[in-house]
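Me: I am new to this structure. Please take me through the terms used for it, step by step.

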Amino acid sequence: MEIILSKKQQQLINDITGTDTHEIYVLGSRQSGKTYSICEGILEYIDKLSEYAKEHNETRQYNIVIVGWTIETLKGNIVDNFTSILKGKKYIMKWGTTDEKYILIKNIKISFYGFNNQTSFNKILGKPFICLWIDEAAKIYQGGLKETFDQLTGGQASFSNHPYLKTIHSFNVEGSDRHPYKVKYIDGKPNAKHYTFYPFDNIVVPYLLKLNFLNHIYHKHLLF
């Protein structure tokens, strides 16, 4: 069954697949449709990147890195969305007990890493990558890994002039107005593309759930 997207979801996908926007920050509550939209955007981005490589006779390996709080949360939040969208399509998935976990599509590898300890950083920077998506970014940033978090984009240095260079952060509503992540990556990135998603932006969420959420934000100020 084809999922109908809202206007905001489609705008986000267009920014992911296009070449005009290289940094995207997506704030969103649960059931707001932000994660599904990014997953859909990444898969369409792979198609665009593959077409670009063929047109320009590029032979280098393209890698996409997706970082989350733990491998378990990545599996539930993101990988399951990917496999649902990819149903009936050709891909290779490796998700066993070994360290390396990835999905391979059209010779482009999407690698998945938890980032809740100091050794995570060394695993991620093993090879260059053109696209970086950090899920639960605000939570990771306040977990004592600020310095290594700030260095993650170093893995994209060899693609600094590539039209499809892409960095995406997604995160939930949490923290205070002076949360260090907010100061550095929201207030400090005025030229990046910023999105805020609510349940009423996700047209598959039933009306009553949206109404309950609206009542919630009316009675309680949401920070960020």
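Me: What classes of residue make up the lining of the largest pocket?
Reply: The lining has five nonpolar, 10 polar and four charged residues. Keep in mind that this is a predicted model.

Me: Which element gives the largest share of that lining?
Reply: Helix α2 does, with three residues.

Me: How much space lies in the largest pocket, and which residues are closest to its centre?
Reply: The space is about 380 Å³. Of the 19 lining residues, Gln31, Lys34, Thr35, Tyr36 and Asn81 are closest to the centre.

Me: Why does Tyr25 count as buried?
Reply: Buried means under 20% relative accessible area. Tyr25 has 2%, so Tyr25 counts as buried.

Me: How do you know that Tyr185 is buried?
Reply: The relative accessible area of Tyr185 is 8%. The limit is 20%, so Tyr185 is buried.

Me: Why is the pair of Tyr25 and Tyr185 called tilted?
Reply: Their ring centres are 6.3 Å apart, and pairing needs centres within 6.5 Å. Their planes stand at 35°. Stacked needs under 30 degrees and edge-to-face over 60, so this pair is tilted. The pair links distant parts of the chain: Tyr25 is in strand β1, Tyr185 in helix α7, 160 residues apart.

Me: What makes the pair of Tyr181 and Tyr185 stacked?
Reply: The angle between the planes is 25°. Planes under 30 degrees apart count as stacked, so the pair is stacked. The centres are 5.2 Å apart. Both residues lie in helix α7, about one turn of the helix apart.

Me: Which residues do ring pairs link into a cluster with Tyr181 and Tyr185?
Reply: Tyr25, Tyr141, Phe149 and Phe171 belong to that cluster.

How values were computed:
Residues are numbered from 1 along each chain as its sequence is written. This is a predicted model: local features need pLDDT of at least 70, side-chain atom pairs count only at pLDDT 80 or more; totals for chains, interfaces and linings use all residues. Side-chain values use heavy atoms; hydrogens and water are left out. On a 1 Å grid over the protein atoms alone, a cavity is a set of points where a 1.4 Å probe fits but cannot get out, and a pocket is an open set with protein on both sides within 12 Å along at least five of seven lines; lining residues have an atom within 4 Å of a point. Grid points are joined across faces, edges and corners, and a volume is the space filled by probe spheres set on the points. Helices (H or I, at least four residues) and strands (E, at least two) are DSSP runs, numbered from the N terminus. Ala, Val, Leu, Ile, Met, Phe, Trp, Tyr, Cys and Pro count as nonpolar, Asp, Glu, Lys and Arg as charged, and the others, Gly among them, as polar. Rings of Phe, Tyr and Trp (its six-membered ring) pair if their centres lie within 6.5 Å; planes under 30 degrees apart count as stacked, over 60 as edge-to-face and the rest as tilted. Buried means under 20% relative accessible area, exposed over 50%, partly exposed in between (1.4 Å probe, protein chains only).
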